[in-house]
Amino acid sequence: MSRSTSVAHGSPSTSTAALIGQLSVSPPFAGVVPAADCAKVGGANCSGPNGVVAAYPWLFVTDGASRVVNIDLRTGAIAPGGDVVVAASPNRSDELAYAPRLGLLLVINNADTPPFGTFIQVNKMTGALTIGKKVLFPAAANGAEQPVWNPHDGQFYLSIPALSGTPATGAVYRINPHTAKFETAAEIDQCGPAGLTLGPSQELLVGCNTVYGLDGQVWDAAKDITANPREVILDAKTGIIEETVFGVGAGDEVWFNRGDGHYYVTGSGSPLRPTPATAAQGASVLGVIDAFSHSLDQLVPTFNVPAVVAPAPNPHPAGTSHSVAANARNNLVFVALPANNVFPDCVTGCIGVYGRSDNDRD
């Protein structure tokens, strides 16, 4: 894996890594909402846009105030009837997954108490959105994270960072799109499940958002305990953990690239990055895991910037790289980078483009 010298702002083409343009909507997205104006501590819980899923010609985008929009990529405008609000809540709708055959979205509101999911029917001809059933996750003690659709069994799966009463135990839920009922597909210790992606043979790679130490406790950089970050691979059919991949994490979103047979996992909270996270600047990591051998192939530098605290000008939280996507046709990997002056032309934030060299194919 080598880093491209190019970066993109706005909407980069996944085939050429060149900038195509920037999408805006009316009414506009929430943007950055100050923490004081948000229902929960932390303005990110009300800010937007957040999650994005593409299913040409549609682009589904979540926003603050529990909003979901469908942008017609042929026109750059919201499709007629494609702007809905799933709840009377200022908190954001966050990550989402799409079942193309059913024309069905599962949208997660992670910051509400309890967190919940909303099914939204998509009119595949017009792009109109119709709000359907909701599913509450009352045992989820720390939000709900990345959902994924499994076309093989016709079920959605969802990462749950922590179950109430057992903060060190998280879960992956299996959700029936027809009944809006769920069951626990697997419980996972010492992980804090966040990212989730479907790989070969109905395997799910779970991105762990919490770093644990060799002592089995949440890792503390101030203590003399070696960090033991990990990701987990489980069988969606049985819920059995097939592999724990050590040496990478903790991160947020993850991706399986069928073009090169690898998982790409973010490491925004990696113990390899500078600490303390809120004040340090330097390299964070992107992990590359072979989806067939389950081996960690590479750690690739991304970037981390320190927080700026009010009343200083332009206050913002620590910027980390926690989103990743790949194009299976050319195996380019796209990582959102926070504003910095280390990457060329990235002083307002950019998309870093990574790719494999010819002799690195396997």
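1. The count comes to 8 aromatic pairs, where rings of Phe, Tyr and Trp (its six-membered ring) pair if their centres lie within 6.5 Å, and planes under 30 degrees apart are called stacked, over 60 edge-to-face and the rest tilted. In one of them, F137 and F182, the ring centres are 5.3 Å apart and the planes stand at 65°, so this pair is edge-to-face. F137 lies in the loop between β11 (129-136) and β12 (147-150), whereas F182 belongs to strand β15 (residues 182-189), so that distant parts of the chain, 45 residues apart, are linked; strands are DSSP runs (E, at least two residues), numbered from the N terminus.

2. The model is predicted, with pLDDT of at least 70 required for local features and 80 or more for side-chain atom pairs, while totals for chains, interfaces and linings use all residues. Residues are numbered from 1 along each chain as its sequence is written, and side-chain values use heavy atoms, leaving out hydrogens and water.

3. F137 is buried, at a relative accessible area of 0%, while F182, at 31%, is partly exposed (buried is under 20%, exposed over 50%, partly exposed in between, with a 1.4 Å probe and protein chains only).

4. One aromatic cluster is formed by F119, W149 and F156. Elsewhere, the charged end of R74 sits over the ring of W58, 5.3 Å from its centre (the rule asks for NZ of Lys or CZ of Arg within 6 Å of the ring centre and within 35 degrees of the ring normal).

Key
Helix = DSSP H or I, 4+ residues; strand = E, 2+ residues; numbered from the N terminus.
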